[in-house]
Amino acid sequence: MSGIIFRDVTKNFKKVEVVKKLGLAIEDGEFFTFVGPSGCGKSTILNMIAGLEPVTGGEILFDNKVVNDLSPRERDVAMVFQSYALYPHMSVYENIAFPLRMKKVSQEEIDGEVLRIAELLGLRDLLKRRPKELSGGQRQRVALGRAIIRKPKVFLMDEPLSNLDARLRIEMRAELKRLHQELKITTVYVTHDQAEAMSLSGRIAVLNEGVVQQCDVPNEVYRKPANVFVGEFIGSPPMNFVKGKVLSAKPLKIQSNEITISPLLDHMPEERDVLIGIRPEDVRITAERSDNSIEVTVQLFEPAGSFDWVDFIWNGTKIKGISGMETDIPAGSRAFGTFPLDKVVVFDAVSGKRI
Amino acid sequence: MKKVFFYLSLILVLLYCSGPVLWQIITSLKPDSELTIIPPLLPLRPTAAHYLTIIKQQAFLKIMFNSAAVATSTTMLSIVIGSLAAFGLAKLRVRYKSFILGFILSVSMFPPIATVSPLYIIIRSLGLRDTLTALIITYTTFSLPLSIWILTNFFREIPDEIYLAAKVDGCSPFQIFHRIMLPLALPGIFTAAILVFIFSWNEFLFALTFTSTSAARTIPVAIALFPGMHEIPWGDIAAASIIVTVPLILMVFAFQKRIIEGLTSGAIKG
């Protein structure tokens, strides 16, 4: 086990800078996730930790030792790949045993370890099979087994669940969390699925175009996105944004679509133009008018089980909210929306940063 | 109806392709007196005399051995060197990969007739004339482009993630090569091996030029040199051709299954 520190790590492919001045510290035993859209550099970061890609600039440290020039073997990391990357010509047993064979561990010890891992992952009855005779979830388990059998210093996972169907993904997600709680190995996880990132991680780093936008515990990232990108990327459906103008700073008054609000902010806005962000689940749509409600036109109606998603237009701005099951607001009808002021986030319209 | 047509055309194509071989078989079984007469198409009194003549010749066994030795050594050398080169070109960080591959291919573009004279001079000055070594070296040179190209493509088809996984699991590049890549590229290895073997087994021009006695003579040359003073022994030639083709056919059938076997299935999703 060990902590990982990035010191101004950069990575260029030819002339393109894919990772820019990455400075981060991942703590010993932490479950840390890089999340971002495809092409944001998250897999490259993982490959640099593994030693599969050299860094262009900066340093990566394991336990305060620079590992830049160490091979993957010397770094003692284990990795789970998106495609599982099992060795097709080997049985499940041999696949799991492979890293130990490379370490020249004795056959008895290998036997014991493989059985222990197979037990842990429910693979006991499959040890003699070949990868092609396994289902997706089983292959995923074998890949995990191959990674954890070595008791590596660092455990790296590159979108390990994205090839599974929705139900299995949620099952394996819980399994991964359980494994991490049991083994307590530093885990660096990469995904484009924000829900996966939120549910698994101790901390997450949201990446965009090679730059960390925000790095914090999942709830903080969700409640207080550092900028418009994070607000949009984290959370599904994405955050709503409404344009607004600062009327006065003290007392703070922001006008937006003919209403004036006074949210509590960390800083005073410097610019006049702002973006007001509110999560869809915080916007409630009802058929009856109430205090402080805004009048809107319903556009689309999507039942989600315990509640309904409602797309509506408020003075020309499209917004998503929720309504209770009992409300009857067909598309095209007029309805009334309310949102709690303390859930509102305000961004600088020019820089996109949260105020 | 459709099926009947399908099998009919299949039989026609098969007959067309195997025609020369069948002709050869018929000729090898005909007694000398019937050789140049048609009808009968099929031998009226089939005889094994031609086969017996061939097998009784001491030199022919030696020549069979020569061919086998040359073809086997060439195949092994070509596969060992070829697979190492192909692994590097397909998976390792090498600059100017496509240039190197193109250059390798260009080697096999020279017509043998253009290279045979300078090669003869080199072989002679090395004192390798009329040796198996001369043939093995030459054949390896000319078959390497083929095996490198075939194997590069097979190695390329192995997903990069398998290569990376092996690297993370603690393999050195050579361990990745022989523990992971080689078993997965087996179908490619067999394909390349068969093609190289057939090439070396059948090669004529270099074998004719570099050898002068039965010490290093190979089958195609020996058969071509069969004709005697007064007549061409068609029956013996046919029998000899059949005898030397049988090992090839057996080999192809033996490896056919391995070639078709999709060893990589199940490596990644799906």
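Let's start with a pair of residues: Lys245(A) stands opposite Gln255(A), which sits in strand β12(A). Please keep in mind that this is a predicted model.

Where does this pair belong? Strand β11 of chain A covers residues 240-248, and it pairs with β12(A) in the antiparallel sense, over three bridges. Between β11(A) and β12(A) there is a hairpin, and four residues make the link.

Now look at the other neighbour of β12(A). That is strand β13 of chain A, residues 259-261; β12(A) and β13(A) run antiparallel and are joined by three bridges. Gln255(A) turns up again here, as its bridge partner in β13(A) is Thr260(A).

Next, a sheet elsewhere in chain A. Four strands form an open sheet, with antiparallel pairing, and their order is β2-β1-β4-β5. Why do β2 (16-26) and β5 (65-66) of chain A each have one side without a neighbour in the sheet? Because β2(A) and β5(A) stand at the edges, where each has a single partner strand. For β5(A), we can look at the pairing with strand β4 of chain A, residues 57-62: the two are antiparallel, with two bridges. Within that pairing, Leu61(A) has Val66(A) in β5(A) as its bridge partner.

Let's zoom out to the whole of chain A. It is divided into domain 1, residues 4-232, and domain 2, residues 234-348. Taken over C-alpha atoms, the centres of these two domains of chain A are 38 Å apart. Where they meet, 12 residues of domain 1 are in contact with 10 residues of domain 2. On the domain 1 side, three helices of chain A each supply at least two residues: α7 (194-200), α8 (218-223) and α9 (228-233). Which one gives the most? That is α9(A), with four residues. By class, this side of domain 1 has seven nonpolar, three polar and two charged residues.

Chain B has 12 helices and zero strands. Its C-alpha trace spans about 70 × 65 × 30 Å along the principal axes. Of its 270 residues, 33% count as buried. Among contacts in chain B with a separation of 6 or more, 79% are between residues 24 or more positions apart.

And how do the two chains touch? 20 residues of chain B are in contact with 24 residues of chain A. On the chain B side, the elements giving two or more residues are α7 (160-168) and α8 (173-184) of chain B. The largest share comes from α7(B), with six residues. Sorted by class, the side of chain B that touches chain A has 12 nonpolar, four polar and four charged residues.

Definitions and conventions:
Residues numbered from 1 in each chain as written. Chains lettered and ligands numbered in written order. Predicted model: local features only at pLDDT ≥ 70, side-chain atom pairs only at ≥ 80, totals over all residues. Pairing = 2+ DSSP bridges. Contact = placed C-beta atoms within 7 Å. Nonpolar A, V, L, I, M, F, W, Y, C, P; charged D, E, K, R; others polar. Buried ≥ 20, exposed ≤ 12 C-beta atoms within 10 Å, placed from the backbone. Domains from an automatic or database assignment.
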